[in-house]
Amino acid sequence: MTGLVKFFHRHEQCGGGSLSKVELKQGLKEFHLELADKDFESVWLLLDQDGDGEIDYYQFIQVVIGEMNEYRKAFVRKEAGEGRIVSGSCPHSKLCTPAGRVMQRPGSVQQKVPSAFSTAVRDEPATKRHNQSYRVLATGELSLKALEADIHHAIATEKVDGSCCYVTKYKDSPCLWARLDRKPTKQAEKRFRRFQSSKTSTEFTWNLDDDFRTVAESWIPAHGVLQVNGRLQPDENGHIPGWVPVEKGSKPYCWHLSTVNYDAGLALVLRPCLEKNLLEITAVPLVELLEQTLELVGTHINGNPYGLGNKRQPIHFLISHGSLQIEKPLMLNLTDLITWFEGSPEGKVEGIVWHCTNDVLFKLHRHHLGLQWPVQDPYLTARPLSINVDLTRYECDPETKSSFLVFTRLNGKQFDHFKDILWEKDAAN
């Protein structure tokens, strides 16, 4: 199906704009996905949602690799029932559960991910925040919600230390969005903190008109934010999770912007290759990332825990949530998890995120076990890396701070270890 996406993208770039039945059949034939006439008609009915006899690029993407709407559910059901059509954008979009089931796409990180284990507060200095006089530690019991979501059959993935992003449309085109939560004003924040420390059993009352800072008109709430009588409600931390588009020329989000090229419609993404343990950085069409959440990592993000680039040669890229699957099954008890974090190369990660069915997520951070982060030689940068970023097929001019410039110069190279790249020297050669 990746080939058909490329066929459609190529057709659009040549001015086609949309596909007719005949052109879609041609694309299927070109990539050896021919269907019987009856099957083709069924698929066409799903794709041609408005019945005008043509499908545009975004109709196609919405059904094949978009969010799990009714059209895509029907498409995936057809795939499962007949075994002829492969749904999903590429092999990287699929994960296998411990029971061998295939999950078409890992869950989206729209809001704060809860802990897999019940937690307890201890009156001792935190390992994560140096100015915090207490820390939150995991108990030995899995949370009730995690058990209800069948976490024992979930997919364990690496928790990446970066800044959360989201790809969805803005002004009718795929766009990268940065996390921006609506937060209380200083006065409202003080009232809320006093309420929390009082440990009263009553509920805190927010003044939704006055207690929250203003945001840009382009701001949108995250999926799943509670609404009461049409009013967005803050979460237990007093925040209203949301997103703001990363637009061209944006100075506050210049490092986000360095990972996308809107002229070519591309994003710089790190993902696993089919070859075991190998990672690749490649240019992925933004349209293939629609409705996914990703993590932005790099030189100027969260203190650069992975040691990527440097001040003279900063680098940044995106990692889709759930894409870095933990290969070896993990036992869900604290003793074994601590042993894994401390004793295995694969355990040199910030934490674990479990992807359960129905897009339910749970996490475990090293700090929940009293372990330090960052660590020396994190697993992400200890793995071999292939760089495949070729912009010669596109008419685009990357901006000065764009990470595309660095990775284009490194195109075709492979390194034994991510951490071995001498960014200024290797990118200059």
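Predicted model: local features only at pLDDT ≥ 70, side-chain atom pairs only at ≥ 80, totals over all residues.
1. The largest nonpolar core comprises 29 residues. Within this core, Leu 270, Ile 281, Phe 317, Phe 407 and Phe 418 have the most contacts. At least two core residues come from each of strands S15 (266–272), S16 (279–285), S18 (316–320) and S21 (385–388), and likewise from helix H11 (403–409).

2. Leaving aside residues up to four places away in sequence, Phe 418 touches Leu 270, Ile 281, Leu 308, Phe 317, Leu 380, Thr 381, Arg 383, Leu 385 and Trp 423. Apart from the core described above lies another, of 25 residues, among them Ala 154, Trp 340, Phe 362 and Leu 369.

3. Helix H9 (residues 334–343) has Leu 334, Leu 337, Trp 340 and Phe 341 buried. Viewed down the axis of H9, the buried residues fall within an arc of 125°, so they line one face of the helix. Thr 335, Glu 342 and Gly 343 are exposed on the other side of H9.

4. The cover over the buried residues of H9 includes strands S5 (117–122), S6 (135–142), S19 (351–355) and S20 (361–365). H9 lies across S19 and S20, and runs at about 125° to S19.

5. S19 and S20 also belong to an open sheet of three strands, ordered S7-S19-S20 with antiparallel pairing. Strand S7 (155–159) and S20 are the edge strands, each pairing on one side only. From one strand to the next, the twist averages 25°. Five bridges join S19 and S20 in the antiparallel sense; Val 353 has Lys 363 of S20 as its bridge partner.

Note on methods: Residues numbered from 1 in each chain as written. Heavy atoms only, no water. Core = buried A, V, L, I, M, F, W, Y, C linked by side-chain atoms within 4.5 Å. Buried < 20%, exposed > 50% of the residue type's maximum accessible area, 1.4 Å probe, protein only. Helix = DSSP H or I, 4+ residues; strand = E, 2+ residues; numbered from the N terminus. Contact = heavy atoms within 4.5 Å. Arc of directions from axis to C-beta. Pairing = 2+ DSSP bridges. Axes fitted to C-alpha atoms, helices over the stretch in contact; angles between N-to-C directions.
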